[in-house]
Amino acid sequence: MGAVTLRVADLDAMTAFYRDGVRLTVLVQEGARVVLGRPVPGGGSVPAGGALAVPVVVLEHEPALRQASPGQAGLFHTAVVFDDRADLAAALYSVATRYPQSFTGSADHLVSNAFYFTDPEGNGVELYWDRDRTEWSWTHGSIDMDTVPIDPNAFLREHLTAEALEHADTRPGRVGHVHLSVGDVASAKAFYVDTLGFATTAAMGSQALFVSAGGYHHHMAMNTWNSRGAGRRQQALGLGLVRIEVPAVDDLGALTARMQDAGVQTADDGRTVAFEDPWANRIEVTTAGRG
């Protein structure tokens, strides 16, 4: 998963949240656009210009747009994954101390430890760490996940280190998955599994669907908890773009062919293939072999 673009009303406040709270580094700041990210694994500190960094969030200043209406489809949360629990603890501590009212919950999902927040404009944010895949359990092709409460203070006492906190913005982090609010799960499955090509890893009836590639627990999820029956989105603040990277040019070609066969309109600029899901959430897919 690539960086998630958010359309924002207050660029300064949103930049401060992701920079000072989540401890992302500003990689690009040009006019009405700010790109924030973290170093790539093994890449060391973020250098000038962010050459060894991976973008996580792109903020685009759109002050003329309004907040989305209640029940509209769009972003449920952007999930940032950290390589170890000390780095997760540092990000958790930073957000919780600088933006204490943003905390919304925490859970041990068996495959991961996760902490949830809401940014200043209402976009969901998950910060998490994955257990090793050897500790994951599958039942009849579905990943075993649960929601077991975690005491965030106990987690910090056990895992937070002074070194991780001091160097938080120079440690790796990336988008692990993106969770969307959609109108119905059946249409989400038809689009994201049958057409786009993800595999289903877990399902909660008509409430939620989890999908991935390569045996991950989920790269994307869709739920109807707040948006059942929602139609196509109107232009509003919030989610602007979801980015996906596939392994090879052939994979991108096959994806484009499936989209065209399904009657999904695509735009190809030579580097990315862009299209919309049934709720007008914009998706861009690319590969390292393009451009």
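This is a predicted model: local features need pLDDT of at least 70, side-chain atom pairs count only at pLDDT 80 or more; totals for chains, interfaces and linings use all residues.

**Helix α3**

I began at the start of α3, where a side-chain oxygen of D151 comes to within 2.9 Å of the backbone nitrogen of N153. That passes as a polar contact, meaning N or O atoms within 3.5 Å, where within protein one must be able to donate a hydrogen and the other to accept it, and residues adjacent in sequence count only if both atoms are side-chain atoms. Helices here are DSSP runs of H or I with at least four residues, strands are E runs of at least two, and both are numbered from the N terminus.

Residues are numbered from 1 along each chain as its sequence is written, and side-chain values use heavy atoms, with hydrogens and water left out.

Which residues of α3 are buried? I found P152, F155, L156 and H159, in a helix that spans residues 152–159. Down the axis of α3, the buried residues fall within an arc of 100° (taken from the directions from the helix axis to the C-beta atoms), so they line one face of the helix. "Buried" means under 20% relative accessible area, "exposed" over 50%, and "partly exposed" in between, with a 1.4 Å probe and protein chains only. On the face turned away from the buried side I saw R157 and E158, both exposed. I also remembered the general rule: an α-helix has 3.6 residues a turn, so residues three or four places apart point the same way.

**What covers it**

The cover over the buried residues of α3 includes α2 (85–98), β6 (103–108) and β7 (112–118). I followed the two strands. β6 and β7 pair antiparallel over five bridges; pairing takes at least two bridges found by DSSP. S106 has F115 in β7 as its bridge partner. Three residues sit between β6 and β7 in their hairpin, and L110 in the turn has a positive phi of about 75°.

β7 also pairs antiparallel with β8 (residues 124–130), over seven bridges. Is β7 mostly covered or mostly open? Mostly covered: six of its seven residues are buried.

**The open sheet**

Next I traced eight strands in an open, mixed sheet, in the order β2-β3-β4-β1-β15-β18-β17-β16. β2 (25–30) and β16 (267–268) are the edge strands, each pairing on one side only. β16 runs antiparallel to β17 (residues 272–276), joined by two bridges, and A267 has A274 as its partner in β17.

**Cores**

A nonpolar core is a set of buried Ala, Val, Leu, Ile, Met, Phe, Trp, Tyr and Cys residues joined through side-chain atoms within 4.5 Å. The largest has 60 residues, and those with the most contacts inside it include Y18, Y192, M220 and F275. Apart from it lies another core of 13 residues, among them W136 and I143.

**Last stop: L252**

L252 lies in α6 (residues 249–261) and is buried, at a relative accessible area of 1%.

Methods:
Contact means heavy atoms within 4.5 Å.
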